[in-house]
Structure formats: structure tokens, C-alpha cells
Amino acid sequence: MSLVSGLAEVTDADFGTEVIGAGLPVLVQFTADWCGPCRQLAPVLRDIAAEKADRLKVVQLDVDRNPETTVAYGVLSTPTLMVFHDGEPVRSMVGARPKRRLLEELDDLL
């Protein structure tokens with residue numbers, strides 16, 4: 001668990017197992033300890049993780065500690081939210097957003 005949001009944290013080492021190999025769609029928050037908007041987004045992501053646990057896995061990846069994955073997916077700013085389905089990134093969103101808007105953006109993937 002991370003200090004930023006209380007969400008499960010993935011790393012370069014386990015990204016393949018936890019995200020690419022996951023049976024559910026996975027929402028990855030690319031985050032950093034110094035990122036204010038990332039902290040604003042944390043309660044939104046916690047709520048969504050709890051509400052959609054049967055249909056969506058929500059994790060975070062610290063961009064400073066995991067440069068390989070960050071570079072591999074072209075993440076240039078935080079927070080970046082990326083949804084992976086069947087091992088492929090299917091949606092990418094940059095910036096914090098309200099819960100209702102985020103759920104609308106994820107609706108067709110769930």
C-alpha cells in the first residue's frame with residue numbers, strides 16, 4: 001500500500017503479473033509522492049476500486065521509482081490514468097477528474 005492513496009502499488013518488477021496478466025481490466029494511476037493532483041484523485045480511485053472490485057482492478061505505479069514502465073508507456077505527466085485490458089493499454093487519461101466523470105469515461109470498458 002502506498003502513502004499516496006492506500007491503493008495497491010505495482011512496480012516495474014511485478015507490472016507484467018499484476019497488470020498485463022490480470023483477468024480483469026486494470027486502471028493504473030501513474031503517480032508520484034510530490035504530485036498534488038494525484039493526491040486529490042486518491043479518494044476517487046479508492047471509491048471506484050471498492051465499488052467496482054468485481055469488474056475493475058485499480059492500482060498505482062510511482063513514476064519516480066519505476067522508470068521502466070513509465071517510459072515504456074510514454075507517460076509524461078502525472079497523474080496519468082491508463083486502462084489495460086487483455087494486456088493492452090486501451091485508454092489513457094491525463095489529469096485529475098471528478099468521480100462521476102471518471103466513471104463515465106470508464107463505462108464502456110466495464
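Keep in mind from the start that this is a predicted model. Our walk begins with R97, whose side chain has a polar atom 3.3 Å from the backbone oxygen of V94. The side chain of R97 also has a partner in E105: their side chains make a polar contact at 2.6 Å. Where along the chain are we? R97 sits in the loop between strand 5 and helix 4.

Is R97 buried or exposed? Its relative accessible area is 7%, and because anything under 20% counts as buried, R97 is buried. Which residues surround this arginine, once neighbours within four places in sequence are set aside? R97 is in contact with L41, V44, L81, L102 and E105.

Five strands form an open sheet in the order 1-3-2-4-5, and their pairing is mixed. At the edges are strand 1, residues 8-10, and strand 5, residues 88-94, each of which pairs on one side only. Neighbouring strands of the sheet are turned against each other by 30 degrees on average, direction ignored. In general, strands of a sheet pair through backbone hydrogen bonds, either parallel or antiparallel. Here, strand 1 pairs with strand 3, residues 57-62, in the parallel sense, over 3 bridges. You can find one place to look at V10, whose bridge partner in strand 3 is L61.

Helix 2, residues 36-51, lies across strand 2 (26-31), strand 3 and strand 4 (80-85). Relative to strand 2, helix 2 runs at about 165 degrees.

Follow the chain to C38, and you meet a disulfide: C35 is joined to C38, with 2.2 Å from S to S. A disulfide is a covalent bond between the sulfur atoms of two cysteines. The angle about the S-S bond is 80 degrees, and the link of C35 and C38 is right-handed. How many disulfides are there? The count comes to 1. As for its two ends, C35 has a relative accessible area of 3% and is buried, while C38, at 0%, counts as buried too.

Our last stop is a group of rings. The count of aromatic pairs comes to 3. One of them brings together F15 and Y73, a tilted pair with 5.6 Å centre to centre and 40 degrees between the planes. This pair links distant parts of the chain, with F15 in helix 1 (residues 15-20) and Y73 in the loop between helix 3 (67-72) and strand 4, 58 residues apart. F15 is buried, with a relative accessible area of 4%, whereas Y73 is partly exposed at 26%.

F15 has another ring partner in F84: this pair is edge-to-face, with 5.4 Å centre to centre and 80 degrees between the planes. Because F15 lies in helix 1 and F84 in strand 4, the pair ties together parts that are 69 residues apart in sequence. Both F15 and F84 are buried. Taken together, ring pairs link F15, Y73 and F84 into a cluster.

Notes
Residues numbered from 1 in each chain as written. Predicted model: local features only at pLDDT ≥ 70, side-chain atom pairs only at ≥ 80, totals over all residues. Heavy atoms only, no water. Pairing = 2+ DSSP bridges. Helix = DSSP H or I, 4+ residues; strand = E, 2+ residues; numbered from the N terminus. Axes fitted to C-alpha atoms, helices over the stretch in contact; angles between N-to-C directions. Contact = heavy atoms within 4.5 Å. Disulfide = S-S within 2.5 Å. Buried < 20%, exposed > 50% of the residue type's maximum accessible area, 1.4 Å probe, protein only. Phe/Tyr/Trp six-rings, centres within 6.5 Å; stacked < 30°, edge-to-face > 60°. Polar contact = N/O pair within 3.5 Å; in protein donor to acceptor, adjacent residues only side chain to side chain.
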